[in-house]
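Trainee: Could you walk me through the model on the screen? I would like to know what stands behind each term.

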Amino acid sequence: MSIRKIYPYTETVLRQKAQPVEVFDEELQILIDDMVETMRVAPGVGLAAPQVGVSKRVIVVEFGNEDDDSIPKQLYALVNPEIVSQSEETILGIEGCLSVPEFIGEVERAQVVTVRGQDRHGKNVKIRAEGWLARIFQHEIDHINGVLYTDRAEQIWHPDQDEDEMETT
Ligand code: NI
């Protein structure tokens, strides 16, 4: 595994609609392993392939509440993910992005989403996510559609020191 360079928002790859994955080959396995390692080192709670300069529909998410054992940390690697349903209920929350360093912003997202896609071996998966996990999935799936959270945020700002520990994606 190796750590890949994280591309900033100024790179065009972050503004392109990423290509669907059709072949679940060794190259894809290496990409996913590298994305997981890159996300952990950053550190972040999610990463999309365009953020490492690869225009493919692949995301990784690793999130859990360290203060709450009932929400253990779980790793997701999803290929061709899409949101197939979402709650009408939305919630405002603060997001950061590894490709938009030194800023955070408040974004309205659906409280609950159902995501469908494939795992790293091509098996179909369906995930129902709520709260922060739902927010991370929406943020990462935006990335593979060329959308940044800054497009959705009403305002973005430089975090204060106490906000600096914000988890980013
Ligand atoms: Ni991001």
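Mentor: Let us begin with the elements: helices (H or I, at least four residues) and strands (E, at least two) are DSSP runs, numbered from the N terminus. Q118, for example, lies in strand 6. Keep in mind that this is a predicted model, where local features need pLDDT of at least 70, side-chain atom pairs count only at pLDDT 80 or more, and totals for chains, interfaces and linings use all residues. Residues are numbered from 1 along each chain as its sequence is written, and side-chain values use heavy atoms, with hydrogens and water left out.

Trainee: Why is Q118 called buried?

Mentor: Buried means under 20% relative accessible area, exposed over 50%, and partly exposed in between (1.4 Å probe, protein chains only). Q118 has a relative accessible area of 18%, so the residue counts as buried. Strand 6 as a whole is mostly covered, with 6 of its 7 residues buried.

Trainee: What makes the pair Q118 and N80 a polar contact?

Mentor: A polar contact is a pair of N or O atoms within 3.5 Å; within protein, one must be able to donate a hydrogen and the other to accept it, and residues adjacent in sequence count only if both atoms are side-chain atoms. The side chains of Q118 and N80 come to 2.9 Å, so the distance meets the cut-off.

Trainee: Which residues does Q118 touch?

Mentor: Contact means heavy atoms within 4.5 Å. Setting aside residues up to four places away in sequence, Q118 touches F24, A77, L78, V79, N80, K123, N124 and V125.

Trainee: How do you know that strand 6 and strand 7 pair?

Mentor: Two strands pair if DSSP finds at least two bridges between them. Strand 6 (residues 112-118) and strand 7 are joined by 7 bridges, so they pair, and they run antiparallel. G117 has V125 of strand 7 as its bridge partner, and V113 stands opposite A129. The hairpin of these two strands has 5 residues between them, with G122 at a positive phi near 95°. Strand 3 and strand 6 pair in the antiparallel sense too, over 5 bridges, and one of the facing pairs is S85 with T114 of strand 6.

Trainee: What is the order of the strands in the open sheet?

Mentor: The 5 strands are ordered 1-2-3-6-7, with antiparallel pairing. Strand 1 (46-48) and strand 7 (124-130) are the edge strands, each pairing on one side only. On average, neighbouring strands are turned by 40° against each other, direction ignored.

Trainee: Which strands does helix 1 touch?

Mentor: Helix 1 (residues 26-41) packs on the sheet and touches strand 1, strand 2 (58-63) and strand 3 (74-86), and its direction makes about 40° with that of strand 2. Such axes are lines fitted to C-alpha atoms, for helices over the stretch in contact, and angles run from 0 to 180 degrees between N-to-C directions. Helix 2 (residues 131-144) lies across strand 1, strand 2, strand 3, strand 6 and strand 7, at about 160° to strand 2.

Trainee: What makes a set of residues a nonpolar core?

Mentor: It is a set of buried Ala, Val, Leu, Ile, Met, Phe, Trp, Tyr and Cys residues joined through side-chain atoms within 4.5 Å. The largest one here has 19 residues, and I59, V61, L133 and F137 have the most contacts inside it. Helix 2 gives the largest share of this core, 6 residues. Another core, of 16 residues, lies apart from it, with I32, M39, A49 and V60 among them.

Trainee: Why is S99 buried rather than exposed?

Mentor: Its relative accessible area is 0%, so S99 falls under the cut-off for buried. S99 is found in the loop between strand 4 (90-97) and strand 5 (100-110). A polar atom of the S99 side chain lies 2.8 Å from the backbone oxygen of Y7.
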